[in-house]
Amino acid sequence: MITGKKITLYDGDENYVISPVTGTITSILPYSGNFGQKGTSICIDTSTNEEIDKHFEEYKNASSIQSADDFLQCIPGMPPLKLLLQSTIQAKTVVICGADLDLLSTTRQYAVTSMIDSIIKGISVLTKISGGSKIVLALPETMSMPGKFPNVKTISISSKHPAALPHMITKQHFNTIIPEDKTCEEMGFFFFSAESVAAIGDAYTNGQIPLSKIVTVVNKNGNKEMISAKIGTPIGEIFKGLKIFANEKDKIIINGPMTGYCAYTLEQPIMPDTDSIIIQDRDKVISSSDYACTNCGKCIRICPANVPVNLLVRFLEANELEEAADQYDLHSCIECGLCSYVCISKIPIFQYIKIAKFELALMDSENAMEEENND
Ligand code: SF4
Ligand code: SF4
């Protein structure tokens, strides 16, 4: 295997990853991800002699949505290129988000301030390949960059969570509430992280697929370091480099305390969308509980999507998922994590919601497949 080469599970598979290193594949195993997701893990024993795959080079300075979708789906920031390619919507808005999605991460802000030329190049590529979409740059309200991104409209995002989430941005800045049965993309809004736009710009300028991810690492004292690591690097290697010692029962959170998920092994790799890694000392970890809901109402008052969370949680706990969706607005949830954060009974509501949505989507696709087979 060589650096930059596409890896697919079988010939003609449209899903792929890009090898971030040169070496020998030592294992291909089923992988259980977070919130019920399933995938495949591929281990590569790296070689010291790096070889680079040249297939993307022919697209240097010749950008197109097809080549972007064919080669750049897994670049840092994981741009939604497939959705853009498949979209039949004419009037599109591409929002380049320089505001971080969750607390403690500064990855996107770092990208905006340190990758200006790459982002400008990426914006011109995106303008071309998205068929002349309106491009808008979303910056945190604390960041002022007048004149740095000429000809691009800028919007200012509140630093209060969850203002940087796509549903909140469409509501606050485009006067559009995304209906519960639609996605942002189905309503014409495509969200790209600032880092992914910089990576698109670099890819077409250099003719090489970018494979290094910027990550905010927060250590046990709450101190932050910005690092750049190859996609696929185990987080244990990153801790080693930063002299962070992980003990048993320390908590490792990927992508933020509100909407992130826990890593249970130091072999967990940096993914194209890993923006932050937080490690909490085992003595400071606040665990979720199996206490019952006391109907305090805090979750309802804080929910930005007006979900009747106290009722929803009862159906999720009873695994009555269809009722949760039909009667208690499961699909209106915009996944901000605030309900879990404020819950005085420490019920992992956000995790229940994510798993329920995943299981319902799985049931839908199984039913659709069964119907197809019966036809
Ligand atoms: S995560 Fe909780 S608070 Fe946030 S939108 Fe969903 S139900 Fe509401
Ligand atoms: S915050 Fe927790 S305890 Fe309070 S109503 Fe909501 S689910 Fe129940």
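The points below take up a helix contact, a pocket and the surroundings of a ligand.

1. Before anything else, please keep in mind that this is a predicted model, and that the values in the following points are to be read as belonging to that model.

2. Helix 4, which covers residues 116-129, and helix 6, which covers residues 194-206, have axes that come within 7 Å and cross at roughly 80 degrees. Because angles of 65 to 115 degrees count as roughly perpendicular, helix 4 is described as roughly perpendicular to helix 6.

3. On the side of helix 4, the contact is made by S118, I119, K121, G122, I123, V125 and L126, while helix 6 contributes A194, V197, A198, I200, G201, D202, Y204 and T205. Sorted by class, the residues of this contact comprise nine nonpolar, four polar and two charged.

4. The volume of the second largest pocket is about 260 Å³, and among its 20 lining residues Q208, I209, P210, L211 and S212 lie nearest its centre. The lining consists of ten nonpolar, five polar and five charged residues.

5. Which residues surround ligand 1? The shell is formed by C303, P304, V309, C333, I334, E335, C336, G337, C339 and I353, and by class this shell around ligand 1 has eight nonpolar, one polar and one charged residues.

Methods: Residues are numbered from 1 along each chain as its sequence is written. Chains are lettered from A and ligands numbered from 1 in the order in which they are written. This is a predicted model: local features need pLDDT of at least 70, side-chain atom pairs count only at pLDDT 80 or more; totals for chains, interfaces and linings use all residues. Side-chain values use heavy atoms; hydrogens and water are left out. Axes are lines fitted to C-alpha atoms, for helices over the stretch in contact, and angles run from 0 to 180 degrees between N-to-C directions. Helices (H or I, at least four residues) and strands (E, at least two) are DSSP runs, numbered from the N terminus. Angles under 35 degrees count as roughly parallel, over 145 as roughly antiparallel, 65 to 115 as roughly perpendicular and the rest as oblique. Contact means heavy atoms within 4.5 Å. Ala, Val, Leu, Ile, Met, Phe, Trp, Tyr, Cys and Pro count as nonpolar, Asp, Glu, Lys and Arg as charged, and the others, Gly among them, as polar. On a 1 Å grid over the protein atoms alone, a cavity is a set of points where a 1.4 Å probe fits but cannot get out, and a pocket is an open set with protein on both sides within 12 Å along at least five of seven lines; lining residues have an atom within 4 Å of a point. Grid points are joined across faces, edges and corners, and a volume is the space filled by probe spheres set on the points. A residue is near a molecule or strand if one of its heavy atoms lies within 4 Å of it.
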